[in-house]
Amino acid sequence: MPQYLDGVRLLHHQEPQTTTDATLTFAVGARDETLPTVGVAHALEHLVMSTVRRLPIQIDATVSTTTTSFVASGTPERVGEFLTGICAALSAPPVERLEVEAGVLAAEDGWVTHPMAALLYYVRYGARGAGLDWLDGPGPDGITAEQVNTFAQKWFTADNAVLQITGPVPAGLKLPLPASAQSQPAGAEAAGARPRHGRYPARQFPGPSVVGYGIPGAAVLLSLPNDDASHTAELATDVLQQRIEESARHAGGHSYVVDYDSVQQADGMTDWVLYAEAREGSEEAVAQAVVEALTDLAANGPSEEELQLALDRFEEQTATSDAELSAEFAVLRRELFDEPEGEPLAPERVRAVRPDDLAAALRAALPTAIGYAAEDAVGQWTKHGFTEVPLCPVGGELPAGEEFRPPRVARLFVRGAREMTLVLAPDGLAVRDEDGVHRVPWAGVAGVMRAGDGTSVVFGANGCVLPVSGDLYRGGKKVVAELERRVDRSLWFKESRFKAEED
């Protein structure tokens, strides 16, 4: 029978211990923000943790692409204090600390996920969902008290949370979160009702693609079906990580960090990003290791030894976890994240997986794969059939509309300026530059940043970024005025002063 505590789903691991380990997880992360509120989940986490910072136990909190978690270990009484304090602060965030925490957040300069994973999510989804991991938004000094309170009220409700406890449950534990949807009348749309996560279409490419940037390393994004009863996708990515690590780290000595990130999508697919950092001067070798591992495994599958190690890892993970609670958590996760129902784990089917099964899974993912390499190492991918693409979508012809060109002096002395034309069209903005034609429809504006120099930077949900000002284009002030008329004020934000200081 499911257990609840103040409307929060409780998963109790009854281990024979006197101390308590607790993890309170909410089904909300960075992908649930918007461009003008990027960083609000992290700011809220800092504000909340500040209220329990003096407790004499081990405490921590993390914000990922999809979740926000609060963790504590200690005596049951102290862990109970922590959980009650966290929930009370989430119900009434101490927003008076925002200015102080802005400086702390800027000093931390943390990423929600690894930069290579964030970049590939951005290429796949643009300035929305998981793609927001890549963008700075307004910066920590641009987050407002209203945004924090609105975000907390929307997402940090009892029915959007899971509490996992190992050891004794604190006596008299209270979790003062807003009323859960379960306590609302049938059909009610109350403030505490669990909201739905956004669903965003993936950017499509005609075959496997690769992007280049300045991060030293290489990575690949693969879209694979959510785990079936044999967990084929999980095993396939495990052997791919093994192969990359063996080549880039243990054999070549080019990399230390070889890891992965994943985001489950509502359509029954999971985006897996496998990445390997590169020490200076080893970017080519690491790119070669990643692309050759992927293409060889897709063509030939893993060796029996590689497959057996992946199976052994899976068996070990299964043997050291509470099978019943793990199954409950999997069901609950699908409910919280609006994911389709999957097949239950079948250990006998996992053990029956063969190398050809993993090769077939990777081959099926190759046509939509997106590789990444440092700019000078992109050629390692293109010689394996990957097509280099820009970070934002380009293509087609300029639409009809009023045209604006850079000032004459810029066209005389800046070669790229000679190619540039900005078009103010009835349905949005378009720019032609040396890469091609970029378009942002009015309905597809994810946000507009007012930079410190007065430039208005338009971010399209599709990933295109178009700077506009009177200095960049003759008559550009007219375009800015049209932006102000067309784009809702809630989508405008100022450039962070911390970002401006870096530049």
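Me: How are the axes and angles of helices defined in this predicted model?
Reply: Axes are lines fitted to C-alpha atoms over the stretch in contact, and angles run from 0 to 180 degrees between N-to-C directions. In this predicted model, the axes of helix H1 (residues 40-50) and helix H2 (residues 76-91) cross at roughly 130° and come within 9 Å.

Me: Why is H1 called oblique to H2?
Reply: Angles over 145 degrees count as roughly antiparallel and 65 to 115 as roughly perpendicular, with the rest oblique once those under 35 are set aside as roughly parallel. The crossing of H1 and H2 is at roughly 130°, therefore H1 is oblique to H2. The crossing is right-handed.

Me: Which residues of H1 and H2 meet?
Reply: From H1 come Leu44, Val48 and Met49, and from H2 come Phe82, Ile86, Ala89 and Leu90. Contact here means heavy atoms within 4.5 Å.

Me: What makes E17 and E18 a pair of strands?
Reply: Two strands pair if there are at least two bridges between them. Strand E17 (residues 445-450) and strand E18 (residues 456-460) have five bridges, in the antiparallel sense. Val448 has Val458 in E18 as its bridge partner.

Me: Why are E19 and E20 called edge strands?
Reply: The open sheet of four strands has the order E19-E18-E17-E20, with mixed pairing. Strand E19 (465-468) and strand E20 (492-494) each pair on one side only. From one strand to the next, the twist averages 25°.

Key
Residues are numbered from 1 along each chain as its sequence is written. This is a predicted model: local features need pLDDT of at least 70, side-chain atom pairs count only at pLDDT 80 or more; totals for chains, interfaces and linings use all residues. Side-chain values use heavy atoms; hydrogens and water are left out. Helices (H or I, at least four residues) and strands (E, at least two) are DSSP runs, numbered from the N terminus. A crossing is left-handed if the near helix is turned anticlockwise from the far one by less than a right angle, and right-handed if clockwise.
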